Amino acid sequence: MLATLIKPNSGDAKINGHSIVSDSAQVRRTIGFLTSELRLEEVFTPDYLFDFFSSLHHIDPATRDRRKSNLFSRFGIDRFAQTRVADLSTGRKQVTSLVISIAHDPETIIFDEPTNGLDIVASKQVVDFLLEMRQQGKTIVLSTHMLDLVEKVCDEVGIILDGSMVAQGSCKELASGGSLESTFFRLYEQRSSTKQ
């Protein structure tokens, strides 16, 4: 819903002051969205896809090339920029998808499992990048089951069980001297026991 792919049954949300219901085109212009459901066309190369998605966002060629050079170098994509997506590993497809989703330098980044399929080195690159984006004042909405990633990156956390928000607050508040993982399992066990 936040990425405007589906409309809410009721209510609304605003991203950068724009309604996801009545101003969805403007929302899409200001967000970067990565989901595991995103499938890159396998006949194209990362280089071509970055240029294509940049053109959709009306990025001028000089800005596009500067941003592409920076991001491709940072994530090691320059080593396989001319390789067809069909021939890339799962991890290389994931970093390519991530970089393409932020080609237009969005104000808000919505990532679903951004480290999925990545090795430990690539995962650290993504985490470092997210931390840098946070320091630049960008809003990052992260959906993940990797609670250690949440503890590294997130200021505010919401824990959802069975489609309901069961806890919300800062990492420090929710971990309450322990870890988010221990909090999650405590909440999970409480919820399971009330269902019996």
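## Salt bridges across the chain

Lys93 counts as partly exposed, at 24% relative accessibility (buried means under 20% relative accessible area, exposed over 50%, partly exposed in between; 1.4 Å probe, protein chains only). This is a predicted model: local features need pLDDT of at least 70, side-chain atom pairs count only at pLDDT 80 or more, and totals for chains, interfaces and linings use all residues. Residues are numbered from 1 along each chain as its sequence is written, and side-chain values use heavy atoms, leaving out hydrogens and water.

Glu42 pairs with Lys93 in a salt bridge, closest N and O atoms 3.2 Å apart (a side-chain nitrogen of Lys or Arg within 4 Å of a carboxyl oxygen of Asp or Glu). Lys93 sits in helix H4 (residues 90–101), 51 residues from Glu42 (helices are DSSP runs of H or I, at least four residues, numbered from the N terminus). Glu42 is partly exposed too, at 39%.

## Bridges to helix H5

Arg74 and Glu132 meet in a salt bridge at 3.0 Å, N to O. Arg74 lies in helix H3 (residues 61–74) and Glu132 in helix H5, so the pair ties together parts 58 residues apart in sequence. Arg134, also in helix H5, bridges to Asp155 at 3.3 Å.

## Nonpolar core

The largest nonpolar core has 40 residues (buried Ala, Val, Leu, Ile, Met, Phe, Trp, Tyr and Cys residues joined through side-chain atoms within 4.5 Å). Helix H5 (residues 120–135) gives the largest share, six residues. Phe75 is among the residues with the most contacts inside this core. Its partners include Leu98, Val99 and Phe129, not counting residues up to four places away in sequence (contact means heavy atoms within 4.5 Å).

Notes: Helix = DSSP H or I, 4+ residues; strand = E, 2+ residues; numbered from the N terminus.
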